Amino acid sequence: MKEKPIAQVRHLTKIIGGKRIVDQVDMDLYPGEIFGFLGPNGAGKTTTIRMMVGLMSVSEGEVIIDGISLKKNFEKAISRVGAIVENPEMYKFLTGYQNLVHFARMCDGVKKERIDEVVRLVGLAERIHDKVKTYSLGMRQRLGIAQALLHQPKLLILDEPTNGLDPAGIREIRHYLRRLAREENLAILVSSHILAEMELMCDRIGIIREGKLIIVQEVRDLVEKNQGDVMVTFRVHPLDQAKALLSEWMTKQPPKVVDECIQLTVDQEQIPFLNAKLVENGIQVYEIRMESKNLEEQFLELTEGGVLL
Amino acid sequence: MVEALQAEWIKIRRSKIWWSIVLLALLPVLYSILIYTKIMVEKLHYTGPDAWFMPWSLIVMFYGSVFYPIISGLIATILCRFEHAGGGWKQILTLPVSKSHLYLSKLLWLLGLLAVVQGTTLILFVGLGYAFELDGSPPWSFLLASTLLGWIGGFPLVALQQWIASSWKTFVIPMAINVFLVLPGFLIVASELALKSPLGYLYPWTLPVMGMMESDPSGVDPLGSPFLPVTLLYLAMFLAGGLVTFHRREF
């Protein structure tokens, strides 16, 4: 999987009015991989993306796409990138197809076959000759993606692609993006402020906060790490006696009492064993509940409890 | 560049721009011919040397100094609005498209549309002239020269309007600025200041009407007047200003 990166972002910085809106961001994006760019609103996601697609000037650092510097050879570098920045509304008085023809004319060498191909790729074949004003938000989003794919980019950048979509629309976009990464071997950069979505869609996640990329993690690693230790809640009677017993067995991570229940972190495999011991000692066990620590909490830990959303 | 022009055409073709052009050209033409035939001729018994010259002069006055500048602002705003309305600038500019080509293709279409506006006005005038039974036949060379020079006089104005319209996201501000600045132009022309002072040639909103007045029945000598040099100089200035602003703008 670790081939040569399609995009290398190096020390990318944007300074507006003396303030560092984006501060020394470094990223590598690989073919076939969906990279989630996660952060609260105003953290600098869109600004980073706008610099990467040439809508905004770069204050410091550089962006290299397919080995070509965006600064030195803008048109050649940008021809490898397809992007939608913020919700694309397209030209509503035109049909989806006319929209695509319009954008195809703008860039060199896009043939009719390619238009038909991208329409199929985003599953819009049946409605492509209808006016865009009759499209749902999800369809407009897919039309936007189709447009961004016209010139066969190697890197697809989508700013908040699921913004405003209902769960079905989000699932659809996720499905099409996964397919694009797999079948077209595209590198995809997706930004969002919603972690749960990123967890399902992405291979790697980078978190940006106050302009700085503070951490980059493989989603798989995070999920695997989760599988060992879990937080368990025991609803038992009598409480004090159970707590004393559990404290005895679990010296490393002492149990806490929360809401008349006992909460502790243990290896998943130990749960039946603990249960048996409690019952053996005459404790009545009413409920055992696993609170799996999700990505969000892990990230909160990593970001020292800072507010992400 | 040709591709950019074709892309622009896809939008222009299906927009409502055509209706506004015909309607806004029809109003002053109809008005001028009615004033001429119903008031000047029937009521005041005006008899001029040429039945087509006087109504055209009225058109030059109303249309050339008011409606034509307003139409030029309107079409510039409509062409920029295609992109302002739905985040289109961002969408186009993330493609490998040159900003200059995009800007220039819009300007070239604006010049083309101005020609359509002038042509429509001329056709409407001749058509209505026959319908209202003006004596004789239309003085074609005079009318064509006036139309052509009026078209050229609109170049700097439409370039300036594009500069304004591409800088503001709203429809209202560029249109308001335009209408507001049309009025002094009308006053300059109506008070004949335009003929007595160089003001007519210096104010971009009066250049179209100055162009249309360069032609008179005795012949045309645009080379002997400051009209062409000023027009081309302004066009170059407004185009350069617009291009620089567009290049510097962050989206």
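This is a predicted model: local features need pLDDT of at least 70, side-chain atom pairs count only at pLDDT 80 or more; totals for chains, interfaces and linings use all residues.

Colleague: Where is the place of A:Met27?

Modeller: A:Met27 belongs to strand E2 of chain A, which covers residues 19–29.

Colleague: And which residues is A:Met27 in contact with, leaving aside neighbours within four places in sequence?

Modeller: With those neighbours left out, A:Met27 is in contact with A:Val9, A:Gly206 and A:Leu213. For A:Gln147, the separation from A:Met27 is 120 residues in sequence and 25 Å in space, taken from C-alpha to C-alpha.

Colleague: Next, helix H1 of chain A. How many of its residues are buried?

Modeller: H1, made of residues 45–52 of chain A, is mostly covered, with eight of its eight residues buried. Those buried residues are A:Lys45, A:Thr46, A:Thr47, A:Thr48, A:Ile49, A:Arg50, A:Met51 and A:Met52. Just after H1(A) comes A:Gly54, whose phi is positive, at about 80°.

Colleague: Switching topic, which residues touch the most other members of the largest nonpolar core?

Modeller: That core has 137 residues, and the ones touching the most other members are A:Ala146, A:Leu155, A:Ile157, A:Ile188 and A:Val190. Helix H3 of chain B, residues 53–85, gives the most to this core, contributing 14 residues. There is also a second, separate core of 10 residues, which includes A:Val236, A:Ala242, A:Leu245 and A:Leu278.

Colleague: What does A:Ala146 touch, not counting residues up to four places away?

Modeller: On that count, A:Ala146 touches A:Leu100, A:Val118, A:Val119, A:Leu121, A:Val122 and A:Leu124.

Colleague: How many residues do chain A and chain B put into their contact?

Modeller: Chain A brings 27 residues to the contact and chain B brings 22 residues. On the side of chain A that touches chain B, helix H2 (74–78) and helix H3 (96–106) of chain A each supply at least two residues, and H3(A) gives the most, with six residues. Sorted by class, that side of chain A has 15 nonpolar, seven polar and five charged residues.

Colleague: Now the helices of chain B. At what angle do H3(B) and H5(B) pack?

Modeller: H3(B) and H5(B) pack at about 150°, and their axes are 10 Å apart. The crossing in which H3(B) passes H5(B) is right-handed. Among the residues that make the contact are B:Trp56, B:Ile59 and B:Tyr63 of H3(B), together with B:Trp109, B:Leu110 and B:Phe125 of H5(B). The residues of this contact of H3(B) with H5(B) divide into 15 nonpolar, three polar and one charged.

Colleague: And how do H5(B) and H11(B) cross?

Modeller: Helix H5 (residues 99–131) and helix H11 (residues 227–248), both of chain B, have axes that come within 10 Å and cross at roughly 140°. H5(B) and H11(B) are therefore oblique to each other, and H5(B) passes H11(B) in a right-handed crossing.

Colleague: Which residues meet there?

Modeller: From H5(B), the residues B:Lys99, B:Ser100, B:Tyr103 and B:Leu107 meet B:Leu239, B:Gly242, B:Leu243, B:Phe246 and B:His247 in H11(B). By class, the residues of this contact of H5(B) with H11(B) are five nonpolar, three polar and one charged.

Technical notes: Residues are numbered from 1 along each chain as its sequence is written. Chains are lettered from A and ligands numbered from 1 in the order in which they are written. A residue is buried if 20 or more other C-beta atoms lie within 10 Å of its own, exposed if 12 or fewer, and partly exposed in between; C-beta atoms are placed from the backbone. Helices (H or I, at least four residues) and strands (E, at least two) are DSSP runs, numbered from the N terminus. A nonpolar core is a set of buried Ala, Val, Leu, Ile, Met, Phe, Trp, Tyr and Cys residues joined through C-beta atoms within 7 Å. Two residues are in contact if their C-beta atoms, placed from the backbone, lie within 7 Å. Ala, Val, Leu, Ile, Met, Phe, Trp, Tyr, Cys and Pro count as nonpolar, Asp, Glu, Lys and Arg as charged, and the others, Gly among them, as polar. Axes are lines fitted to C-alpha atoms, for helices over the stretch in contact, and angles run from 0 to 180 degrees between N-to-C directions. Angles under 35 degrees count as roughly parallel, over 145 as roughly antiparallel, 65 to 115 as roughly perpendicular and the rest as oblique. A crossing is left-handed if the near helix is turned anticlockwise from the far one by less than a right angle, and right-handed if clockwise.
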